[in-house]
Amino acid sequence: MFDFMVVFTRNILLGAIAMAPCLSSTPASAQEAILTPILSTAPNFRDLAGISASNGGTGFVNSTSNGGVMRTGVFYRTNALNNLNNADWTTLSALHIYRDIDLRTPDEIYGPPAAQDVTPEGAIWTNINIYGTQGPIPSPLWGTPANAVSFMQSGYQAFVTDSVQRNGFRTVLLTLANDTGPDLWHCAGGKDRTGWTAALLQSIAGVPDATIMQDYLATNSYLSALINTTKEYISVVHPTWDPATIDALLGVQSSYLQTGLDQVIASYGSMSAYLTQGLGLTQADTYVLRAKMVFYSELPGQSGLVGNAASGAELLNALQNSPLSGHYTDYNYYLQSAIDQGTLGGVETRVGGQVHADAASFLLRQAQRLDEVITPYTSGCELPQGQTRIWMAGNGDTFSTSGHDGIDGSTENSGGSTIGATHRISSQATTNMSLGYDWGSVESADATATVNTALATLGGRYGFSALDVGPFIEGRANAGWVDYESERGLGGGLGTATGSTTGVVYSGQVRVGNAIRLIPLTITPQVGARVTGVSLDDFNEGGSDLALNVHGVDETFFSLLADLDFSFTPKPLGEWTLTPVLTLGYERILDDPQVEGVATLYGFTVRQQSAYESHDLMKASVGLSAKQGAFTVNGRVSGVISEETNSTGVSGLLSLAYSF
């Protein structure tokens, strides 16, 4: 016991006293209990996250500013580990400590007597000598209590005013910021150098000042047994020393820490300025430390979000528990800045990749646009039997859907060219085929997807009595190969996520109708059904911390069709014959028309809905066909609308045909 007390007294009195100036991680909730083990041979060992109830704390993790709570299992503080017994060493090793940071001077560590740490298994021992001297400043053990208090207070002032000590604390904080696992730090008694380090970290975390002081003073409880034992020993060896002086040097008082904090204000104006100007930390450094220590169960504005924005915010929140958080990443800097500024800055609407769902929705409605191109050449009723018409068409359209319910609006633009042929098989039947290319651009949530599609179509029409009048049936099938590229500007300093994939699109439809000739026009009502499908492969985005692993899309729509065509009697104009046409159309999607995009990042899933979600789409088009001999020119302008999601679109077509 005497040998132990010699070692303990030397470490406490020459370190903790003489200045004594020694001074996971998983999501946490305010109700998470502090379960840090109590070590009999390192009694001041504790989790930075909070104080046990038995030592004067709440027994739960500390709350922080902006609605955060401290994470357990990240940072630990302790007194020196030179006296660890086997049981405590085993307990400490089970915490998988990455680094043991020893703040003592060489004389405190190597003696005599030697007081080197019993380092936890697998931990890296690192000495960061805060004082920068061979040994600590001798303490006035024989002086008055007032001298002892003044001595301790001046030591805390030196933490702020002494450049060597500031550099020591800078090194400690940067080491903690850059390490990948749980760390602990200590001096001799784990109260002054250790306590100041803890106060700096808790200030960075946003722990309230009163809680920081309460945790600091808890040293008197954690070390009470050893302090009492040491006082008994000293009273025997030095009976003339004032017990109040010993109390002032072995324990802590609120005035010690407060003196240091007051010096921070006097020298730098604020703790933030001390950290950046005095210690030379960057904003990125403090953001990494804060992210390691604090979990925010709710991000700024998150509770009021719905739809895709809510899903995006959930992903941003969940990523606090990914390798992106607590490291020097763009995500970490963005999120911590957003917490300080009280807003996610719109990133919540962009992070989930809504454009991928909108692009799939665009492809599923491609058959509607294809109808505009092919319809003028499906009947072939004006062709003599055995004759073929070759045609080429160019088309372009734009379609937009307003934002709603937390889903950003989308805009679609496309254009393409198609070459095809219609052949009159008999008096009652024709067949048609085509090859085409379509370029599409889909924009939503500050992202753009470019969709290039090569399409092949095969169809036919059969008139039960004749092609140009009476009932008929027609069918068409098409399939295409899709090349897909996307670019998502995320904002918030998060860069641009890009990706590409391939896929297929297909559709088939059957219509029945009746061409009714009424001078001066022919009215053709039609009804039918269509199936449309798209399949896009999985792909991984790159170029940003928040680049997603985008799941493939495999969607199929079934819809009912109804059209009413009005074709007026041809009118001669010089050498040309003009035929005006008018079409009214309606499509009813039987399935859920909204496409869901799914992506993952670090195992967290984000789901996004397409802006377009209407079951009903109505269209109207006007066109003019001009024919001279074997040549035909067709022009058409169409408009589409869906009131359910405030979707509107306009398209145009120009085609040339030659019959032979």
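In what order do the five strands of the open sheet come? I read β1-β3-β6-β4-β5, with mixed pairing. Strands here are DSSP E runs of at least two residues and helices are H or I runs of at least four, numbered from the N terminus; two strands pair if DSSP finds at least two bridges between them.

Before going on, I noted that this is a predicted model, where local features need pLDDT of at least 70, side-chain atom pairs count only at pLDDT 80 or more, and totals for chains, interfaces and linings use all residues. Residues are numbered from 1 along each chain as its sequence is written, and side-chain values use heavy atoms, with hydrogens and water left out.

Entry: I found β1 (46-47) and β5 (124-127) at the edges, each pairing on one side only. β1 runs antiparallel to β3 (residues 75-78), and two bridges join them. I looked up Asp47 and found Tyr76 as its bridge partner in β3.

Entry: I then turned to β8 (residues 388-401) and β9 (residues 410-424), an antiparallel pair with 14 bridges. Next, β9 pairs with β10 over 15 bridges, again in the antiparallel sense, and a hairpin of four residues joins the two.

**Entry: Leu435.** I placed Leu435 in β10 (residues 429-444). Is Leu435 buried or exposed? Leu435 counts as exposed because its relative accessibility is 56%, where buried means under 20%, exposed over 50% and partly exposed in between (1.4 Å probe, protein chains only).
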